[in-house]
Amino acid sequence: MEIKDSDIVIFSLSRHDSFISSPSYSLAKEFAKNNRVFYIDHPYSVKDVLRDWSLLAKQNKIKTLLANGDRYKTMAGFDEKLTVVTLPITLPVNFLPPGKAHKALSNYNDRVLFDAIRKLISDFNIQQFIFVNAFDPYFGVHFPP
């Protein structure tokens, strides 16, 4: 079955500009040949930003991450059919044991993701879409109705 003329939202554990090859980003590029695709990069946590500050500054990502800079980046060569979405900074939770604190911070991170998807839907007038969580088990645990 061929997917054509659809809106596809892909949320991935890999970032589009990672030095490691990303099968999910390759899939996004393939889908973008016949569909409008929104590739949501794995979010940076506070810990990631502090650790990688100089690299992120060189890549001009600090403004987007800290202030509400342009979170959408249209990828060259795809006639505006492939857009990468950068999420706001999230909170690190994986070091916490299961319990109330982990659940509360995880819920906050899910809100960051789903608020960004709601904004994406509004900003790009998306009526229906296919959602693919490309193995990011840390987010989207509590999918809203």
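This short talk describes the nonpolar cores and the salt bridges of the structure shown above. Please bear in mind throughout that the model is predicted.

The largest nonpolar core has 14 residues. Among those with the most contacts inside this core are F11, F38, I40, V85, L87, L113 and L120. Three elements, namely β1 (7–12), β2 (36–40) and α5 (100–123), each give two or more residues to the core. The greatest contribution comes from α5, with five residues.

Neighbours within four places in sequence left aside, F38 is in contact with D7, I8, V9, I10, T83, V85, L120, F124 and I126. There is also a second, separate core, made up of 11 residues, including I8, M75, L82 and V84.

I turn now to the charged side chains. How many salt bridges does the structure hold? There are eight.

D115 meets R118, with N and O 2.9 Å apart. These two residues are separated by about one helical turn, because they lie three residues apart in α5. D115 is partly exposed, at 43% relative accessibility, and R118 is likewise partly exposed, at 45%. D123 and K119 form another salt bridge, again with a closest N to O distance of 2.9 Å. Here the spacing is four residues, so about one helical turn separates D123 from K119.

Elsewhere, K33 pairs with E30 at 3.0 Å between the closest N and O atoms. K33 is exposed, at 54%, whereas E30 is partly exposed, at 46%.

Finally, R15, D48, R51 and D52 are joined in a network of salt bridges.

Conventions. Residues numbered from 1 in each chain as written. Predicted model: local features only at pLDDT ≥ 70, side-chain atom pairs only at ≥ 80, totals over all residues. Heavy atoms only, no water. Core = buried A, V, L, I, M, F, W, Y, C linked by side-chain atoms within 4.5 Å. Buried < 20%, exposed > 50% of the residue type's maximum accessible area, 1.4 Å probe, protein only. Contact = heavy atoms within 4.5 Å. Salt bridge = Lys/Arg side-chain N within 4 Å of Asp/Glu carboxyl O.
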